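Before reading on, take a moment to look over the sequence and the model together.

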Amino acid sequence: ASTITSYYYLLSYLLERPSPQLFFNMSNIPGSAHPAFGFGAITIAGGLLGYVRKGSKPSLGAGVVCGGLLIASGAMISSDSQYNGHSLAAGTSALMTLSMGHRLFKTGKFMPAGMVSVLAAASMGYHINKALEWKD
């Protein structure tokens, strides 16, 4: 619980003291970044939920890392790195699809592995399509 508390205080501090290096104008976020931000937030929340309900440190770690990568890709898409941002989101989503799909076949339980693998596969398809649009 102390790790979660530390992240909470860090996030609170960053939100209270916005700086140009950490935040960007929210009105300039392109629509194609929204899926990355949304799926990233859902992934972090799922990792936290897995930790709180079952004490799963792997869920917490994977949720924070994958969710953080998705949010970072959303920030890249919002800047001048659309191709790289969509590529990062596609790669992260592919990793999630494979790992959670493997877990689905191993356990046979749709929740949470099946749901995450379906969402990740949809995210992967979307971001591959968008990355190909931005490819030079």
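When its neighbours within four places in sequence are left aside, Phe-39 is in contact with Leu-70, Ser-93, Met-96, Val-116, Leu-119, Ala-120 and Ser-123.

## Overall architecture and confidence

The protein contains 5 helices and 0 strands, and its pattern, read along the sequence, is α-α-α-α-α. Of its 136 residues, 29% are buried, and the protein exposes about 8,700 Å², of which carbon and sulfur atoms supply 66%.

The average pLDDT of the protein is 87, and 81% of the residues score at least 70. Among the elements, helix 4 has the highest mean pLDDT, at 96, while helix 1 (residues 2–16) has the lowest, at 65. Where pLDDT is low, the predicted coordinates should not be read in detail.

## Helix 4 and its surroundings

Helix 4 has 26 residues and reaches 37 Å from its first C-alpha to its last, which is close to the 38 Å expected at 1.5 Å a residue. Its buried residues are Gln-82, Gly-85, His-86, Ala-89, Ala-90, Thr-92, Ser-93, Met-96, Thr-97, Met-100 and Gly-101, and what covers these buried residues includes helix 2, helix 3 and helix 5. Just after helix 4, Gly-108 takes a positive phi of about 80 degrees.

A residue of helix 3, Ser-73, also belongs in this part of the picture. Ser-73 counts as buried because its relative accessibility is 0%. Not counting residues up to four places away in sequence, Ser-73 touches Ala-36, Gly-85, Leu-88 and Ala-89.

## Helix 5 and its surroundings

Helix 5 (residues 110–134) has 25 residues and reaches 34 Å from its first C-alpha to its last, close to the 36 Å expected at 1.5 Å a residue. The buried residues of helix 5 are Ala-113, Gly-114, Ser-117, Ala-120, Ser-123, His-127, Lys-130 and Ala-131, and they pack against helix 2 (34–54), helix 3 and helix 4.

Pro-112 has its place in helix 5, and a cis peptide bond with an omega of about -5 degrees joins Met-111 to Pro-112.

How many salt bridges does a search of the whole structure find? The search finds 1 salt bridge, and a salt bridge is formed by Glu-133 with Lys-130, whose closest N and O atoms are 3.1 Å apart. Because Glu-133 and Lys-130 are 3 residues apart in helix 5, they are separated by about one helical turn.

## Two partly exposed residues

Leu-48 lies in helix 2 and counts as partly exposed because its relative accessibility is 31%. The C-alpha atoms of Leu-48 and Ser-59 are separated by 7.3 Å, and these residues are 11 apart along the chain.

Gly-125, which lies in helix 5, counts as partly exposed because its relative accessibility is 38%. Along the chain, Gly-125 and Ala-90 are 35 residues apart, and their C-alpha atoms are separated by 7.3 Å. Ala-90 is one of the buried residues of helix 4, and helix 5 is included in what covers the buried residues of that helix.

Technical notes
Residues are numbered from 1 along each chain as its sequence is written. This is a predicted model: local features need pLDDT of at least 70, side-chain atom pairs count only at pLDDT 80 or more; totals for chains, interfaces and linings use all residues. Side-chain values use heavy atoms; hydrogens and water are left out. Contact means heavy atoms within 4.5 Å. pLDDT is the predictor's confidence in each residue, from 0 to 100. Helices (H or I, at least four residues) and strands (E, at least two) are DSSP runs, numbered from the N terminus. Buried means under 20% relative accessible area, exposed over 50%, partly exposed in between (1.4 Å probe, protein chains only). The expected span of a helix is 1.5 Å times one less than its number of residues. Accessible areas come from the Shrake-Rupley method with a 1.4 Å probe; for residues, only the protein chains shown count as cover. A salt bridge is a side-chain nitrogen of Lys or Arg within 4 Å of a carboxyl oxygen of Asp or Glu.
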